[in-house]
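This report describes one protein chain in plain terms. Please look over the sequence and the structure before reading on.

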Amino acid sequence: FFSSRRRHTRLQGDWSSDVCSSDLTSYQLVSIASLGGCLGTGNNGTATVTITQPGTWFGSSNDDWNNASNWCGGIPDSTTNVVIPVGTTVSPRIITATAKVKNITIAEGSVLVVNNGSLKVGGTIAGAGKIDCSNGTIEFNSQNGAQSISGSKFNNRVIRNLRISNSNGVHFTGNNDTIRVTGVLDFGTSDAELFTNGNLRSEEHTSELQSPCNLVCRLLLEKK
């Protein structure tokens, strides 16, 4: 049987289980030959236990980011390194809510949807997967260093609303890796900086710049 603080399972034959490391205080895997505990023959099998790190998306219940049962270790916060793996039953959606992460890695083939909600990123966005933010908000808010943003991380290279709250600067990276902001581009702090590297595009007549900067923060529209 497999024993932990939360579960006790007794099975015969081959067996596998995913275990969130933050949920458990100890692991015990015992192999016996019969359900009665006596030695015998004919009851052989293999057991596989996969240890999953906190911040990993399971999607066990539904696609709601803010449902703790969908995560290893509960709903992520600003200190969590989030992983969205490929192959889960459903992909996460941030709907009319605010989500926070430190770093986020999205595996190729996976998509995080931000719809009428917002995602605050304190570190990096990595992986070959995509963020669909065509109707949501992305905020870069690291207090510990500069951040970078790449159009290739977003579906169709589109962000509805983009907020910069990093006084160390947010840099658009890559060559010809443009991002289209179709809603509002604004600054969340008075000393924030955005370096576009020529990769920012805004939708004519729809995108607007808002800022509490009082001429302190900077939007640098570099040309290549």
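## Parallel strands

Strand β9 (residues 103–106) and strand β11 run parallel and are joined by two bridges. Two strands count as paired if DSSP finds at least two bridges between them. Within this pairing, Thr 105 has Ala 126 in β11 as its bridge partner.

These strands belong to an open sheet of three strands, in the order β6-β9-β11, with parallel pairing. Its edge strands are β6 and β11 (125–126), each of which pairs on one side only.

## Basis of the model

The model is predicted: local features need pLDDT of at least 70, side-chain atom pairs count only at pLDDT 80 or more, and totals for chains, interfaces and linings use all residues. Residues are numbered from 1 along each chain as its sequence is written, and side-chain values use heavy atoms, with hydrogens and water left out.

## The chain as a whole

The protein chain has zero helices and 21 strands. Both terms refer to DSSP runs numbered from the N terminus: helices are H or I with at least four residues, and strands are E with at least two.

Of the 224 residues in the protein chain, 36% are buried. Buried means under 20% relative accessible area, exposed means over 50%, and partly exposed lies in between (1.4 Å probe, protein chains only). The accessible surface of the chain is about 11900 Å², and carbon and sulfur atoms contribute 45% of that surface. Accessible areas come from the Shrake-Rupley method with a 1.4 Å probe; for residues, only the protein chains shown count as cover.

Among contacts in the protein chain with a separation of 6 or more, 43% are between residues 24 or more positions apart. A contact means heavy atoms within 4.5 Å.

Rings of Phe, Tyr and Trp (its six-membered ring) pair if their centres lie within 6.5 Å; planes under 30 degrees apart count as stacked, over 60 as edge-to-face and the rest as tilted. By this rule there are two aromatic pairs. Trp 57 and Trp 71 form an edge-to-face pair because their ring centres are 5.0 Å apart and their planes are at 75°. Both residues sit in the loop between β5 (47–52) and β6 (81–84), 14 residues apart.

Trp 65 and Trp 71 also form an edge-to-face pair, 4.8 Å centre to centre with 70° between the planes. How buried are the residues Trp 57, Trp 71 and Trp 65? Trp 57 has a relative accessible area of 1% and is buried. Trp 71 is buried at 4%, and Trp 65 is buried at 0%.
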